[in-house]
Structure formats: structure tokens, C-alpha cells
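Hi,

Here's the structure I said I'd pass along.

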Amino acid sequence: MEAVIAVFALLFLLFVVVGGYAAVKAVGAAKRGVDRTVAQARRSVEDHTLRAKSFAQPGPQGQVAQLRLALRTSMRATQDALHAGVTEDESLKESLGLFERLSAHGRELDGELRRLESEPDRRTLAERLPALRERTERITKSADSLRWAARDRAGRFAEDDLDTLSAQIDMEAGALRHWTKAEHTTPPWPEAPPADATTGRQTWPEPTSACRWPSAAADRRGRGCG
């Protein structure tokens with residue numbers, strides 16, 4: 001009896017542990033989903049704000065907003081393209097590593113541009129704009145190069161697969177069209193002649209071949225076909 005109670009207690013404890021672990025995993029997954037949603041909403045709001053500033057604010061502040069918006073758009077598009085492509089092409093892992101290094105420079109520049117958005121000294125900001133624009137163009141050019149190279153590679157693989165598939169389909173179509181009509185047909189059985197009036201039975205015509213089945217008398221005399 002004590003052994004049965006111990007087994008039930010152990011099973012109950014196991015269920016509690018498994019249930020707690022499942023609950024923790026579910027809460028963690030829900031939290032990550034909420035965090036992603038919040039982060040996406042924050043990025044969307046910030047992008048819309050930058051777009052509005054780039055049109056509404058004239059002068060250096062508007063140009064800084066334009067640079068920041070261009071930087072963020074390029075980096076995010078490249079990140080999405082590489083992460084989507086690496087699941088199907090592992091050779092993009094090296095490109096993804098290079099992009100992570102480039103992202104460090106991009107985040108540093110994005111932080112600097114964000115601080116300069118509220119810079120009151122317009123003259124100093126205007127003097128720094130050429131250098132900021134050059135850095136932004138270098139980073140976005142590298143990001144765009146990685147993104148388009150990954151897309152061209154994926155497109156080339158798809159084109160090669162389509163060429164192979166088209167060749168196989170052409171071969172199969174040719175094989176399906178290469179039919180031959182049967183030239184050797186089995187001769188039909190001769191129609192039965194009408195019944196003999198004297199015997200009341202049907203008589204089949206003798207074979208036209210030179211070799212016939214021997215009659216009973218011929219078989220007794222030892223003559224046959226051969």
C-alpha cells in the first residue's frame with residue numbers, strides 16, 4: 001500500500017513539474033511575442049516620425065532625419081533578406097556575419113544622428129552634415145550590396161532549378177509522344193461454316209498449311225507431320 005501511495009505521489013510531483021515548465025515556456029513565448037510586437041510598433045512610429053521630420057523640418061535637422069531614415073530602411077531590409085535566405089542557403093552565414101559587423105557601425109551612426117536631431121547649433125550641424133552623409137552612404141551602400149547579392153544568388157538558384165525542371169519536362173513530353181502502332185496483329189479465327197445438311201454438324205475447313213494433323217489411319221501407318 002505504501003508503495004502505491006509513493007508511486008502516485010511521484011506521478012503527481014512529475015505532473016506538477018511538467019505543468020510548471022510548460023507554463024513558464026508559454027509565458028516566455030507570450031512575453032517574446034509581446035516584446036516583438038512592441039518593438040515593431042516602436043520602430044514603425046519612429047520611422048513615421050522621421051519621415052514627417054524630413055519633410056516638415058527644413059535645414060540641417062530635416063537632412064539629419066533623412067539620413068537616419070535612409071540608414072534604418074537599408075539596414076532593416078538587408079537584415080530581413082539575409083535572415084530569410086540563410087534558412088535555405090547556409091553559405092549566407094558568412095554574409096550574415098559581415099552584416100553584423102556592419103550593423104555595429106550602423107547603430108553607432110544611428111545613435112549619433114538621433115542625438116543631433118535636437119542640436120540647436122544649426123551652423124555646426126550644417127558643417128558636420130557632409131561627413132555624416134558620407135558615412136551614411138558608405139554603410140547603406142555596403143548593406144545594399146549584401147542584400148542584392150543575396151537576392152541575386154537566390155534568383156540564380158531558382159533559375160537553375162527551373163532550367164533543369166524544364167529540360168526534364170521536355171524529355172518526358174518527347175517520350176510520351178514517341179508511340180508506335182502495333183504492327184503484329186493476331187489473325188482472327190475463321191468463321192464457322194453452316195451446318196452440313198447430311199450430318200447436321202458444322203465442319204471446320206482444313207488448314208491451308210502443308211503440314212496437317214495426321215488422320216487416325218495415317219497415324220497407324222506411322223505417317224505424320226514432320
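A quick definition before the notes: I call two residues in contact when they have heavy atoms within 4.5 Å. Also keep in mind that this is a predicted model.

The overall picture first. The chain has 5 helices and 0 strands, so if you read from the N terminus you get α-α-α-α-α. Buried residues account for 20% of the 226 residues. The accessible surface of the chain is about 17800 Å², and carbon and sulfur atoms contribute 59% of that. As for the contacts between residues at least 6 apart in sequence, 62% of them link residues at least 24 apart.

One is E112, which sits in helix α3 (residues 92–116). Is E112 buried or exposed? Its relative accessibility is 14%, so E112 counts as buried, the cut-off for that being under 20%. And what does E112 touch, once residues up to four places away in sequence are left out? The partners are R128, L132 and R135.

The other is F15, in helix α1 (residues 2–56). F15 counts as exposed because its relative accessibility is 59%, and the cut-off there is over 50%. F15 also belongs to a nonpolar surface patch of about 480 Å², which it makes together with V7, L11, L14 and V18.

Cheers

Key:
Residues are numbered from 1 along each chain as its sequence is written. This is a predicted model: local features need pLDDT of at least 70, side-chain atom pairs count only at pLDDT 80 or more; totals for chains, interfaces and linings use all residues. Side-chain values use heavy atoms; hydrogens and water are left out. Helices (H or I, at least four residues) and strands (E, at least two) are DSSP runs, numbered from the N terminus. Buried means under 20% relative accessible area, exposed over 50%, partly exposed in between (1.4 Å probe, protein chains only). Accessible areas come from the Shrake-Rupley method with a 1.4 Å probe; for residues, only the protein chains shown count as cover. Patches are made of residues with over 30% relative accessible area and no salt bridge: like charges are joined within 9 Å, nonpolar side chains (Val, Leu, Ile, Met, Phe, Trp, Tyr) within 5 Å. A salt bridge is a side-chain nitrogen of Lys or Arg within 4 Å of a carboxyl oxygen of Asp or Glu.
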